[in-house]
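This report looks at one protein chain, from its overall layout to selected surface features. Please keep the sequence and the model in view while reading.

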Amino acid sequence: MLEFLTDLWQFMRARKKYWLFPVVLIMALLGALLVLGPGSSIAPFIYTLF
């Protein structure tokens with residue numbers, strides 16, 4: 001996983017694609033919410049967002 005993140009960062013630096021960082025970050029946060037959401041205590045708050 002760390003190697004993937006390192007490669008992604010090097011790709012963004014080499015090609016000046018810094019706008020990809022917020023997109024990847026938001027996708028990772030939404031993925032974490034979907035994985036942790038249904039069985040956790042934050043589920044009622046997630047359901048109000050959607």
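## Overall layout

Which pattern does the protein follow when read along the sequence? The model, which is a predicted one, follows the pattern α-α-α along the sequence, and the protein accordingly has three helices and zero strands.

Of the 50 residues of the protein, 8% count as buried. The protein exposes about 4,500 Å² in total, and carbon and sulfur atoms supply 75% of this area.

## The nonpolar surface patch

Part of the surface is a nonpolar patch of about 520 Å², which is made by W9, Y18, F21, L25 and L29. With three residues, helix 2, which spans residues 20-36, gives the most to this nonpolar patch.

One of the patch residues, F21, is found in helix 2. F21 has a relative accessible area of 45% and is therefore partly exposed, since partly exposed covers the range between the 20% limit for buried and the 50% limit for exposed.

## The aromatic pair

Two further members of the patch, W9 and Y18, can also be considered as rings. A pair of aromatic rings is described by the distance of the centres and the angle of the planes. The count for the protein comes to one aromatic pair. The rings of W9 and Y18 have their centres 6.2 Å apart and their planes at 50°, so the pair is tilted, given that planes under 30 degrees apart would count as stacked and planes over 60 as edge-to-face.

## The largest pocket

The largest pocket has a volume of about 180 Å³. Its lining is made up of M1, F4, L5, L8, W9, M12, F21, V24, L25 and A28. The elements that give two or more residues to this lining are helix 1, residues 2-15, and helix 2, and the largest share, five residues, comes from helix 1.

Most residues other than glycine have a negative phi. K16, although it is not a glycine, has a positive phi of about 55°. Where does K16 lie? K16 is found in the loop between helix 1 and helix 2, and at 60% relative accessibility K16 counts as exposed, because the cut-off for exposed is over 50%.

Notes
Residues numbered from 1 in each chain as written. Predicted model: local features only at pLDDT ≥ 70, side-chain atom pairs only at ≥ 80, totals over all residues. Heavy atoms only, no water. Patch = residues over 30% accessible without salt bridge, like charges linked within 9 Å, V, L, I, M, F, W, Y side chains within 5 Å. Areas by Shrake-Rupley, 256 points an atom, 1.4 Å probe, with all protein chains shown as cover. Salt bridge = Lys/Arg side-chain N within 4 Å of Asp/Glu carboxyl O. Helix = DSSP H or I, 4+ residues; strand = E, 2+ residues; numbered from the N terminus. Buried < 20%, exposed > 50% of the residue type's maximum accessible area, 1.4 Å probe, protein only. Phe/Tyr/Trp six-rings, centres within 6.5 Å; stacked < 30°, edge-to-face > 60°. 1 Å grid on protein atoms, 1.4 Å probe; cavity = no way out; pocket = protein on both sides within 12 Å on 5 of 7 lines; lining within 4 Å. Points joined across faces, edges and corners; volume = space filled by probe spheres on them.
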